[in-house]
Structures are given as structure tokens and as C-alpha cells.
Amino acid sequence: MGKGSPLLASLADEYWQRIQQEELYFKRIGGLPVDELPDISEQKDLADAAFAQKLLTRLGAVDVKKLQGQDVLTFKILRWDLRQSMIWGKYHWLIFQIAPLSSPIPLVQSIFQEYSFKQKSDLDHYSALVDKLPAFINQLQASVHEQARRGIVLPKAAFPEVEGFLSFYVQEPEKSPFYVQSGRLQAINPVLAARFQNGLKKTIQEQVTPAFQSLLDYVRGDYSKKAPQRVGLYQYPGGKEFYRALVRFSTTLDITPEEVHRIGLESVKESEARMAALRRRIAFKGSREEFHHFLQTDPRFFPKSPEEMQARLEFYLHRIAPKLPSYFLHIPKAPYEVRRLDPSLEGSEGLGHYEQPSPAHHIGIYYFNGSRLNQRSLLFAGNLALHELIPGHHFQMSLAHEDKWLPEFRRVDLQAAYSEGWGDYASWLGQEMGVYANDYDLYGMLAADMRKSVRLVVDTGMNYMGWTREQAMEYMRKHTIDSETQIQQETLRESTGYPGQALAYKMGSHEIIELRRMAEKELGDKFDIRQFHDWVLGSGAMPLDVLAKHVQTCVAEAKEKAASAPKR
């Protein structure tokens, strides 16, 4: 932070040290040793909120008028992060920690599965962590029990998914995701390795599996009897208030669920018009519904193997890479690649996810879901390559991480609307870059964009406006080309797994596109697309309103510079 505010620098570092030590995600990407499993108690959330409140109070002593450059952004971003940290204690009991998307279990599982064994002390440390698993699962069961006592129970529709998710952890010790196969122990003395594996089998069989079985039995038994028929946060005590907070958290905008719903309806109409125009260009002989049925059923649009899906994603990466210098001033140093998601995690994932470079793996990786291939249309491969890797999440996260001038917390900050908005903008930019190989793949991009518009409608509909899940699914059938399985997964994701998060995509990309149009209008022939992208990406993730003011300032400075330049 250079010669900026020492107080602000100190507070930013104190915040970073706290989240790096307390949050498993940040430990993982920072390559720090994990000695404890997550504390998922209400007390932990309340303690985090109290810490945030104290830091906010001290942040009030910073003289904002004297801040310049990046310090202005650091102040605004830190203030936003601290304010958001305070909401989780208040709404702790409204988070479903056994729904696959919002459960801490997959993150914990990844810590064990990525563990590297180089010496005997690694065996001891791993065993100590496994010993802590039963207490972690028991805490999770106690939390679910208390939720139920408060009248907050997952809806019946979520039970098949949740039971399948939990059942995966109830199996023979050697098939457990917490067991270590011999291939991972090649650097260890065979005698020590065998002793370690025998100890793991015993702990898993006698302690870990019974803890998961107890949780599963409770979910199938007393808990299930209290399950409501309807879905959505609105039906629970404090649910509507929590959802309003989630809307602000996910969009980083001061906006209501009603406003988001209205924007979604308008966006769906716009998407329908763009898709209709492309269908006319394709000249398909049939109705809209027949065309969509053709896309959903013709074998040419579906991979025959995970390898074919990976090859299609890599095909697009090769198409994109040569075009990047024409659109970006800076290219990340970190490489990137595509890998299949661990099959044991595919049941709790959607299309897949991106993981930024870390000490564990110095490359950005898009993990794609290689299961249920008859549901994984190749039409979305170009859209995914642009969104998840280049110039999407890989650019956005890696450029921030590689910028040593940013405060540490800003190099890894998570702002869903900025991150997912940039990913969607990158997919949209692919049209201008000439990346999409044919009109069918371009239609796949438009269909993915339509899905993001539909999310604004059904997410707010189910969680705030009292829509039934059937209403939401019917709306998705009408406006998307998603399969029935995808529609079922999507509606569960939005109503029970991660309410509000799906709003981040379209709201974020809409803001970035509007900022670009503003910059083009203000700068005219002086507009430089590479410079604009640098304004958006060059300072890391931030709330959308902070981004808007930042870009507006950059545009004003560029106009002033252009006006004062000598005439030729």
C-alpha cells in the first residue's frame, strides 16, 4: 500500500490474518497447515460478527478524505466485507449445512484428499485430523437438530439428494474418501504406511462411519417427519428478512428481491428475442419447441465419454488463447488446464467449478463434471471455457493474486457478483472475439445466458414470493433448453442449497456491460477495449457499486488526458 494510510494498512492486515487463520477455504488456497476442522457453531458466527464490528469501529477512525488511489478502494472493500461478515451470526440457523452445495463436508473432504505425504510426521498429522472427524459430524448433527427444533427443516424435495450425499460417507473403510490408498504413500516406509492404513481403517470403521450413519439415520427418521412440502426461505421464521440480506450479499447492490425479479422478467424477454433471431439465421425447419427438442435429444450434441467433453473444452481454449492480446493488456503468468472432477464429488456439483492457483497446485484448474453425460451438452463447452478459464475466472483471480501491490485480502477476496459477473461477461465477449465455432455453439451461449436470466426470476420467486417448486420448474422448462434433471437440480440449488447466489451472474455481467457502454459513449474513438478490461480487472474483486465508481473515475481521467493531449 506504499505511503498510504498506516492505520488502514494495519486494519486490512488484521482482517486478513483473522480470515486466513479462521476460514478453511483461505487456509487451503494459502497452503497453510490445517490443524482443526471447521467450527460450525452459532458461537463461531457470533464471534466473527463481534470481531467485524470492532474492526468496523476502528475503521471509522480512518480519514477518508486523505485517502488516494488504491487506498480508497481498500477502504470501501474492507468496509463492505466487514459489514457482510456481521450477518451470518444473525441468520446462522437459516443455513442448511447438510444440503450438498452449502454443506462444509465437501470442503473438509477436499483437505483430506489433497493431503501430501512426504514423511512420518505427515502420517501423524493426518491421523490426528481423522480423529477429529467424528466430533465435527456430531456438531453438524446437533446443529441440524437445533434447526428442526426452531421449525427450520429442509423440504421433502431435497431429501433424495441429501440422503444420497450423506450415504456416500457410509461405506467400507477402504472406500471411504478419508482413507489413504497405497499410491499416495510411495514416499513413506512401507512398514509405517501399512501401520498407518490399519489405524485409519479402525478409526473410520469404529468412529467416522458411525458418526455419518447417526446423522443419516436422524435425517431419514425424526427430521424427515417435520419436512415441509413447499420450498423456499420465505416459509421459515426470519426467512424473508434473511433472503433480503442474501440478495444484497450476492449482488453487492442495495436492491430488493422485487427489483431483481422485475429485472429478471425483462432480461428473459431480451434473451428470447436474441435466441429467436439466431434461430432464424440457422433456418431450422420447425417451431421453437421443436428446435429445443432437437438440441436436447440429438446425439451429436452430447459427449460419449468424459474425455470427449474435456477435448471439446480444450478445443475452445486453443481458439481463445491467440485472440487474448487484442483484448487484454495483461495476461496471467499462471498456466491453466481442464480436469475431470473427482467422481466422488460429482453428485454434489453442477457443471463443475474453477480452482485458482495455490501452493498445492500452481495452475488454475477447471474441474468439469464428467457424470451423467446425456445431461452434459457440448453446446455449452465454449461458454464454459470462456467463463471458467480464459478470459473468465482464471484471468480475474490469477491477475489479482499475482498483483503484489494489493493488500493480501484483496488478492483473494470473494465477491460473487464481480466474479461470476466477469465470468458471464467473458462468455458474452466471446461473440466479439469470434470464438464460437458455429451458430449452434453460439446458441448454447445464448441458452446459458437465458439460464442466468431465468435464475433471477425463479430464485426470487421461490425464496421470497411464495412460488412452488413446480411453478419454478415449469418456468424453466418454458424458457431454457436444460434437461429435466438439470431443472430439478437447479431449483433445489436455489431454494435449499445456496439461495441468492445464482443472482450474482446476471446482475454482475449486466453491470459490467453497462459500464462498458458508458465508457464507449464517453470516450468515443479514444475508447480502448484493453484499457477498459484493465480498469475492471486491475484492482481485484470489489462490490459492484465500488466497481462502478472506480470505472467512472478511470473514464474521467482518460477523458481529461485525451483532452489535454497535443493536437496532431
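Tutor: Leaving aside residues up to four places away in sequence, Tyr223 touches Phe96, Ile98, Val144, Ala148, Ile152, Val153, Leu154, Phe159 and Tyr218, where contact means heavy atoms within 4.5 Å. The model is predicted, with pLDDT of at least 70 needed for local features and 80 or more for side-chain atom pairs, while totals for chains, interfaces and linings use all residues. Residues are numbered from 1 along each chain as its sequence is written, and side-chain values use heavy atoms, without hydrogens and water.

Tyr223 and Phe532 have the most contacts inside the largest nonpolar core, which has 173 residues. Such a core is a set of buried Ala, Val, Leu, Ile, Met, Phe, Trp, Tyr and Cys residues joined through side-chain atoms within 4.5 Å; buried means under 20% relative accessible area, with a 1.4 Å probe and protein chains only. Helix α19 (residues 439–464) gives the most to this core, 13 residues. A second, separate core has five residues, among them Leu345, Ile363, Ile365 and Tyr367.

Tyr223 also takes part in a helix contact: Phe159, Val162, Glu163, Leu166 and Ser167 in α9 meet Leu215, Leu216, Val219, Arg220, Tyr223 and Ser224 in α10. Helices here are DSSP runs (H or I) of at least four residues, numbered from the N terminus. Helix α9 (residues 159–167) and helix α10 (residues 190–225) pack at about 155°, their axes 9 Å apart; axes are lines fitted to C-alpha atoms over the stretch in contact, and angles run from 0 to 180 degrees between N-to-C directions. That makes α9 roughly antiparallel to α10, a term for angles over 145 degrees.

Terms used:
Helices (H or I, at least four residues) and strands (E, at least two) are DSSP runs, numbered from the N terminus. Angles under 35 degrees count as roughly parallel, over 145 as roughly antiparallel, 65 to 115 as roughly perpendicular and the rest as oblique. Buried means under 20% relative accessible area, exposed over 50%, partly exposed in between (1.4 Å probe, protein chains only).
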